[in-house]
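Thank you all for making time this morning.

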Amino acid sequence: MIGVNRVILAGNLGRNPEITETADGKKISKLSVATSERWNDRTTGVQKSRTQWHSVVVYREDLANTAESLTKGDKVYVCGKLQTRNWSDQAGQKHYKTEIVLDDHNSALFSFDQSPSDGHSKNSAPTMQIATKSISDDWDPTDPPF
């Protein structure tokens with residue numbers, strides 16, 4: 001059976017990254033990324049918008065280091081896999097959380113810089129500032145992209 005689990009987001013950080021360390025010293029970064037869409041209502045013609053919030057967890061060390069340089073409001077590109085975890089609280093109630101996880105050589109985290117500084121020019125496209133390499137040293141070019 002073949003399956004593909006890949007999520008790509010381009011949005012804004014909703015808050016500064018939360019950086020923690022495991023007992024063995026590995027960094028873990030938690031990000032909150034907002035993506036927005038706009039459309040015109042078919043019946044009224046009024047422009048509407050909707051924002052979705054995404055939880056991102058970065059386990060890959062080089063990308064966790066990249067996350068440290070990010071701040072609230074930064075434009076980011078995230079590529080990872082969708083994962084749902086569950087747990088029970090002290091009252092026995094079950095909880096679920098779906099996250100985008102960056103933990104393998106196919107994961108990526110970039111920050112974007114708008115040009116010019118106001119970010120509103122129709123004649124200029126955003127430029128990507130690659131904050132870190134997204135391919136690990138053991139990357140094989142014959143591997144599929146996802």
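Predicted model: local features only at pLDDT ≥ 70, side-chain atom pairs only at ≥ 80, totals over all residues.

Residues are numbered from 1 along each chain as its sequence is written, and side-chain values use heavy atoms, with hydrogens and water left out.

Let me take the overall picture first. The chain contains one helix and eight strands, and from the N terminus on the order of these elements is β-β-β-β-α-β-β-β-β. Here helices (H or I, at least four residues) and strands (E, at least two) are DSSP runs, numbered from the N terminus. Of the 146 residues in the chain, 27% are buried, where buried means under 20% relative accessible area, exposed means over 50%, and partly exposed lies in between, with a 1.4 Å probe and protein chains only. The chain exposes about 10000 Å², of which carbon and sulfur atoms supply 48%; these accessible areas come from the Shrake-Rupley method with a 1.4 Å probe, and for residues only the protein chains shown count as cover. If we take the contacts (heavy atoms within 4.5 Å) between residues at least 6 apart in sequence, 57% of them join residues at least 24 apart.

Turning to the strands, I use pairing in the sense that DSSP finds at least two bridges between the two strands. Strand 1 and strand 5 are antiparallel and share six bridges, and one of the pairings to look for is Leu-9 with Val-78 in strand 5. Strand 5 also pairs with strand 6, again in the antiparallel sense, over eight bridges, and there Lys-81 has Val-101 as its bridge partner in strand 6. The hairpin of strand 5 and strand 6 has five residues between the strands, and Gly-92 takes a positive phi near 85 degrees in it. Strand 2, residues 18-21, runs antiparallel to strand 3 and is joined to it by four bridges, with Thr-20 bridged to Ile-28 in strand 3. In that hairpin, which has five residues between the strands, Gly-25 has a positive phi near 90 degrees.

Now, which residues touch the most other members of the largest nonpolar core? In this core of 16 residues, they are Leu-31, Val-56, Val-78, Leu-102 and Leu-109. By nonpolar core I mean a set of buried Ala, Val, Leu, Ile, Met, Phe, Trp, Tyr and Cys residues joined through side-chain atoms within 4.5 Å. The elements that contribute two or more residues to this core are strand 1 (7-13), strand 3 (27-40), strand 4 (47-58), helix 1 (61-68), strand 5 (75-88) and strand 6 (94-102).

Within helix 1, the buried residues are Leu-63, Ala-64, Thr-66 and Ala-67. They lie on the same side of helix 1 because they cover an arc of only 155 degrees around the axis, the arc being that of the directions from the helix axis to the C-beta atoms. Asp-62, also in helix 1, counts as partly exposed, since its relative accessibility is 23%, and its side chain makes a polar contact of 2.8 Å with that of Arg-60. A polar contact is a pair of N or O atoms within 3.5 Å; within protein, one must be able to donate a hydrogen and the other to accept it, and residues adjacent in sequence count only if both atoms are side-chain atoms.

Finally, Leu-70 sits in the loop between helix 1 and strand 5 and is buried, at a relative accessible area of 5%. Neighbours within four places in sequence aside, Leu-70 is in contact with Leu-13, Pro-17, Val-76, Leu-109 and Ser-111.
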